[in-house]
Amino acid sequence: MRLDGVLGQERARSQLEAEMASGRLAHAYLFVGPAGCGRGTTALALFRALNCHKREGDQPCGQCGPCRRALAGQHEDLLVLAPPEAQASAQIKAEEVREVIRALSFAPYGGGVRLVLIREAEHLNPTSANVLLKTLEEPPPGNIIVLTVQDARGILPTLVSRCRRVNLMPLEPALIAEELVRRGVEPGSAALKAAMSGGSLGRALELDEERLAADLARMARRLASREGSLADWAFAEELVKEFRGAVIDRQGLAEALDLLALYLRDQAVIAAGKPESALLPQGGPGLSLQAAIRGFWQVRRTQAQILGNATPELAITVLLRKLKEAAA
Ligand SMILES: [Zn+2]
């Protein structure tokens, strides 16, 4: 049986399909990959493949009762735990884990395989993780537990060692653009969102084009401004503030600079005589090809510094000065 409805991820899919075909599925999996790349979707596809009643052909039918209930997220043997949304400090509580474990002691209602999906397992607090440990080692028959994480270093090694690992990759921008168009997004907008998505379909879907345009205009104004470093620092502070919670979201901040990298990439393709390949609306005087390429790599270096331990305000102020020098 094939896994249906998963975008890209050929390696992960073929690993799971082979294990399913040979009856060698693990009872606990760790799906590792960036947010929005399809970890949860893959787990749900696995569930459908295991529970479809019409086992002919090589794909789940999508029509039978189990398929329809699974697609609607209402199958009684599909249990999902996830941290409350949009809170960096959100936790999956021990009581929620206990409740799921209690449910596992009954045989799956549908007679097939029950799947417990624990999304963003980095959010299991130490107590929840400990509650889960024993069950993870040996769940009752007929149950599969799937944990998704962005980075396996984000959870206890004792959890990692009890799971079979499946690696999922960031999606190719072309694949994301194609999927967005399939969902009715206009092609130009789809290409822009795909380029800004960091390989995450989820992120591409959330991107707001007007917001992107406003952010870009703000950055372009700053680059065109003749004010000195103090004003640049104030701008950097404003930008960093948006990513400062209990700890600073360095990943998010670095991704925000993708917009600047994309702008300079566009300047390069325009200077190279290919304006039709530009993804962003361009304003103001263009850069030379050399200046655009140099600027692009300066943004990339700054992103790496931010992901390292650099003081982000300083890294961004230095970047702005270099970009202004390159444009002068
Ligand atoms: Zn079916």
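**View 1. The largest nonpolar core and the two residues with the most contacts inside it, Leu46 and Leu147.** In this predicted model, the largest nonpolar core comprises 75 residues, a nonpolar core being a set of buried Ala, Val, Leu, Ile, Met, Phe, Trp, Tyr and Cys residues joined through C-beta atoms within 7 Å. The largest share of this core, 7 residues, is contributed by helix H2 (residues 39-51); helices (H or I, at least four residues) and strands (E, at least two) are DSSP runs, numbered from the N terminus. Leaving aside residues up to four places away in sequence, leucine 147 touches Leu30, Ile118, Ala121, Leu159 and Cys163, where contact requires that the C-beta atoms of two residues, placed from the backbone, lie within 7 Å. Residues are numbered from 1 along each chain as its sequence is written. Because the model is predicted, local features need pLDDT of at least 70 and side-chain atom pairs count only at pLDDT 80 or more, whereas totals for chains, interfaces and linings use all residues.

View 2. Arginine 39 is buried, since 29 other C-beta atoms lie within 10 Å; a residue counts as buried with 20 or more other C-beta atoms within 10 Å of its own, as exposed with 12 or fewer, and as partly exposed in between, C-beta atoms being placed from the backbone. Not counting residues up to four places away in sequence, arginine 39 touches Phe31, Gly33, Thr148 and Leu168. Leucine 192 is 153 residues from arginine 39 in sequence, and their C-alpha atoms are 23 Å apart in space.

**View 3. Helix H13 (residues 258-271) and its packing partners.** The 14 residues of H13 reach 20 Å from the first C-alpha to the last, close to the 20 Å expected at 1.5 Å a residue, the expected span being 1.5 Å times one less than the number of residues in the helix. Buried positions in H13 are Leu259, Leu260, Leu262, Tyr263, Leu264, Arg265, Asp266, Gln267 and Ala268, and these residues pack against helix H8 (187-195), H10, H12 and H14. Just after H13, glycine 273 adopts a positive phi of about 85°.

**View 4. Helix H15 (residues 312-327) and its buried residues.** The end C-alpha atoms of H15 are 22 Å apart, in agreement with the 22 Å that its 16 residues should span at 1.5 Å a residue. Pro312, Ala315, Ile316, Thr317, Leu319, Leu320 and Leu323 are the buried residues of H15, and they pack against H10, helix H11 (229-241), helix H12 (250-256) and helix H14 (289-307).

**View 5. The contact between domain 2 and domain 3.** The domain assignment of the protein chain, whose bounds come from an automatic or database source, gives domain 1 (10-167), domain 2 (172-207) and domain 3 (208-327). The C-alpha centres of domain 2 and domain 3 lie 21 Å apart, and their contact takes 7 residues from domain 2 and 9 residues from domain 3. On the side of domain 2 that touches domain 3 there are 5 nonpolar, 2 polar and no charged residues, with Ala, Val, Leu, Ile, Met, Phe, Trp, Tyr, Cys and Pro counted as nonpolar, Asp, Glu, Lys and Arg as charged, and the others, Gly among them, as polar.
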